[in-house]
Amino acid sequence: MSQGFSIELYFDPALENQVLKAWNVLARRQISTQLIEIESRPHITLFSSPFLDPARLESVVKSFVSKQEPLPLSFSSFGTLPNEKNHLFLAPAPTMALLQFQAQLCEAIKKEGIEIGEEFKADAWIPYCAVAQQVPKTRMAEAFCVLRELKLPVSGYAMDIGLVEFSPVREHFSFGLGNAVEP
């Protein structure tokens, strides 16, 4: 049964591999395997909703990405969210280009009559890339040590946007940034 949908920003292969390295080290040390188990892909969530009609969003997203160029990203720090889920993440430098990209996407979605949740509104959205979920409290310090071994910053480009249903993750569609819309 679906838990929801999200629009995800995907990275170039080199940057994606840097994130996967962290996932794999955390999995080998049996700290967290959930992202691998649900068949996720390294990403930044741009928008999420418990209920969506994927067909309704496909043309909106396709049109939006056709006007965008690959977006430079630099993950310069890591952290955890202030909740009980014990998620760890890499944080990209919050550039104006990244913040405007997400705000413009949500504006295009809103024009379709789809409600934008508070956490995805322009003044509240926090960009991050999950590297571990549900880390046992007794292993948090060890998980942070693993992330400290990453040579930050790691940089690259956001190259694609996809709509996924979760969990497990199932992609409905994805488009490369800057691809021309076909008639």
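**Stop 1: the largest cavity**

Select Trp23, Ser32, Thr33, Gln34, Leu35, Ile36, Val131, Ala132 and Gln133, which line the largest cavity. Helix 2 (34-37) and strand 5 (129-132) are the elements that each give two or more residues to this lining, and helix 2 has the largest share, three residues. Helices (H or I, at least four residues) and strands (E, at least two) are DSSP runs, numbered from the N terminus. A cavity is a set of points, on a 1 Å grid over the protein atoms alone, where a 1.4 Å probe fits but cannot get out; lining residues have an atom within 4 Å of a point. The space in the largest cavity is about 40 Å³.

The model is predicted: local features need pLDDT of at least 70, side-chain atom pairs count only at pLDDT 80 or more, and totals for chains, interfaces and linings use all residues. Residues are numbered from 1 along each chain as its sequence is written, and side-chain values use heavy atoms, with hydrogens and water left out.

**Stop 2: cis peptide bonds**

Go to Leu152 and Pro153, joined by a cis peptide bond with omega about 0°. Pro153 sits in the loop between helix 5 (140-148) and strand 6 (154-166). Next select Phe166 and Ser167, also joined by a cis peptide bond, omega about 0°. Ser167 is in the loop between strand 6 and strand 7 (170-176).

**Stop 3: positive phi**

Glu39, not a glycine, has a positive phi of about 60°. Its loop runs between helix 2 and strand 2 (43-49).

Terms used:
On a 1 Å grid over the protein atoms alone, a cavity is a set of points where a 1.4 Å probe fits but cannot get out, and a pocket is an open set with protein on both sides within 12 Å along at least five of seven lines; lining residues have an atom within 4 Å of a point. Grid points are joined across faces, edges and corners, and a volume is the space filled by probe spheres set on the points.
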